[in-house]
Amino acid sequence: MNLKILLLPGDGIGTEVTAAAVDVLKTVGKKFGHTLELSEGLLGGVAIHKTGTPFPKDTEELCLKADATLMGAVGLPEFDTAPPSQRPEAGLLGIRRVLDVFANLRPVRTWKALVDSSPLKNHVVEGTDMIIVRELTGGLYYGQPRGIENDRAFNTMSYTRQEVERVTHTAFKLAGNRRKKVTSVDKSNVLEVSQFWRKVVVDVAQQYPDIQLEHMLVDNAAMQMVLNPRQFDVMLTENTFGDILSDVGGILAGSIGMLPSASLGMKKGLYEPVHGSAPDIAGQNKANPLGAIGSVAAMLEYTFGLNKEAAAVNDAIGKVLESGRVTADLRPKGSPATTQEVGKAVSEAI
Ligand code: IPM
Ligand code: MN
């Protein structure tokens with residue numbers, strides 16, 4: 001099979017973890033007999049530096065031509081006071097919009113070898129295996145009107161029925177292949193948008209009689225994730241709540257550097273680790289590449305339907321974790337491995 005993939009390394013550690021993930025992709029290609037057709041583009045702060053805009057037209061054209069896009073991370077401290085539309089993050093929001101990837105799948109699992117890496121007690125995190133389905137192209141991130149005036153600022157949280165329906169279908173279909181439970185997270189005790197969200201989710205759920213549906217308020221959900229994470233199978237939520245709760249997931253997984261994600265819609269998939277650009281450790285070969293490598297596995301599975309290849313990558317990640325050769329964020333017993341070493345170890349295990 002020919003795999004036509006756009007790489008958007010982005011900013012900070014994005015370039016380092018993407019390089020490691022591409023090495024793993026090449027190993028998979030060699031071992032399983034697939035050809036890679038890779039292109040590279042600019043997104044985020046690096047794109048602002050080189051072209052004056054965080055999401056250049058060239059990048060837009062490239063992502064529409066590729067079968068799938070692998071993104072590293074975006075964000076640079078020098079833009080901290082810039083208005084939202086001129087920040088590196090606007091590039092990421094732009095590409096999500098253009099690809100119309102409304103469902104962001106963020107699996108959170110506690111690998112056996114990592115129970116000691118989490119700051120939470122072993123008996124709490126052991127056996128965690130959940131997936132957050134975050135709505136990705138609506139809500140506060142995109143809502144109009146928005147703006148800053150002299151003595152007032154405002155954003156809009158808004159969802160249409162169709163926007164809630166389509167991501168809800170994604171969540172229920174996923175649950176059908178898992179433990180058959182969906183927890184829909186909202187703030188319906190305060191927000192109209194959440195009351196509407198809950199009503200639409202209940203309507204869609206009628207079509208999935210074998211899936212158990214429960215509702216949870218977002219504040220309680222944050223607490224339940226660190227109190228008893230094994231209760232969750234598929235967690236469905238809107239854009240901002242999903243952004244916040246998936247960082248809590250990083251604590252369950254041992255490090256946010258472990259978390260992969262797949263952003264899916266009707267067109268092409270976008271694959272991105274959950275972590276940010278981590279300027280504090282950028283350029284030091286210290287970043288954990290396993291979130292990016294896990295995102296490659298997700299790409300092989302969801303875009304290309306290469307389930308055997310995806311399983312080989314995930315098994316290799318498990319083996320590397322068992323070997324203890326991991327980066328500093330996972331608090332290894334011996335000296336930490338570098339980004340490149342971890343990437344190489346995954347390739348060898350494949
Ligand atoms: C994420 C990130 C992004 C988001 C930022 C970089 C815009 O935090 O993917 O979780 O908020 O969606
Ligand atoms: Mn985030």
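This is a predicted model: local features need pLDDT of at least 70, side-chain atom pairs count only at pLDDT 80 or more; totals for chains, interfaces and linings use all residues.
A crossing of two helices is called right-handed if the near helix is turned clockwise from the far one by less than a right angle, and left-handed if anticlockwise.

**View 1. Helix H1 crosses helix H11.** Helix H1 (residues 14-32) and helix H11 (residues 307-323) have axes that come within 11 Å and cross at roughly 130 degrees. The two helices are therefore oblique to each other, and H1 passes H11 in a right-handed crossing. On the H1 side, the contact is made by Val24, Val28 and Phe32, and on the H11 side by Lys308, Glu309, Ala312 and Val313. Sorted by class, this contact has five nonpolar, no polar and two charged residues.

**View 2. Helix H11 packs with helix H12.** Follow H11 to helix H12 (residues 339-349): their axes lie 8 Å apart, at an angle of about 120 degrees. That angle makes H11 oblique to H12, and the crossing is right-handed. Here Ala316, Lys319 and Val320 of H11 meet Val342, Ala345, Val346 and Ala349 of H12. The residues of this contact divide into six nonpolar, no polar and one charged.

**View 3. Tyr159 and Trp197 form an aromatic pair.** The count of aromatic pairs comes to two. In the one shown here, the ring centres of Tyr159 and Trp197 are 5.3 Å apart and the planes stand at 70 degrees, so the pair is edge-to-face. Tyr159 sits in the loop between strand E7 (153-154) and helix H6 (161-176), while Trp197 belongs to helix H7 (residues 192-205); the pair thus links distant parts of the chain, 38 residues apart. Both Tyr159 and Trp197 are buried.

Conventions:
Residues are numbered from 1 along each chain as its sequence is written. Chains are lettered from A and ligands numbered from 1 in the order in which they are written. Side-chain values use heavy atoms; hydrogens and water are left out. Axes are lines fitted to C-alpha atoms, for helices over the stretch in contact, and angles run from 0 to 180 degrees between N-to-C directions. Helices (H or I, at least four residues) and strands (E, at least two) are DSSP runs, numbered from the N terminus. Angles under 35 degrees count as roughly parallel, over 145 as roughly antiparallel, 65 to 115 as roughly perpendicular and the rest as oblique. Contact means heavy atoms within 4.5 Å. Ala, Val, Leu, Ile, Met, Phe, Trp, Tyr, Cys and Pro count as nonpolar, Asp, Glu, Lys and Arg as charged, and the others, Gly among them, as polar. Rings of Phe, Tyr and Trp (its six-membered ring) pair if their centres lie within 6.5 Å; planes under 30 degrees apart count as stacked, over 60 as edge-to-face and the rest as tilted. Buried means under 20% relative accessible area, exposed over 50%, partly exposed in between (1.4 Å probe, protein chains only).
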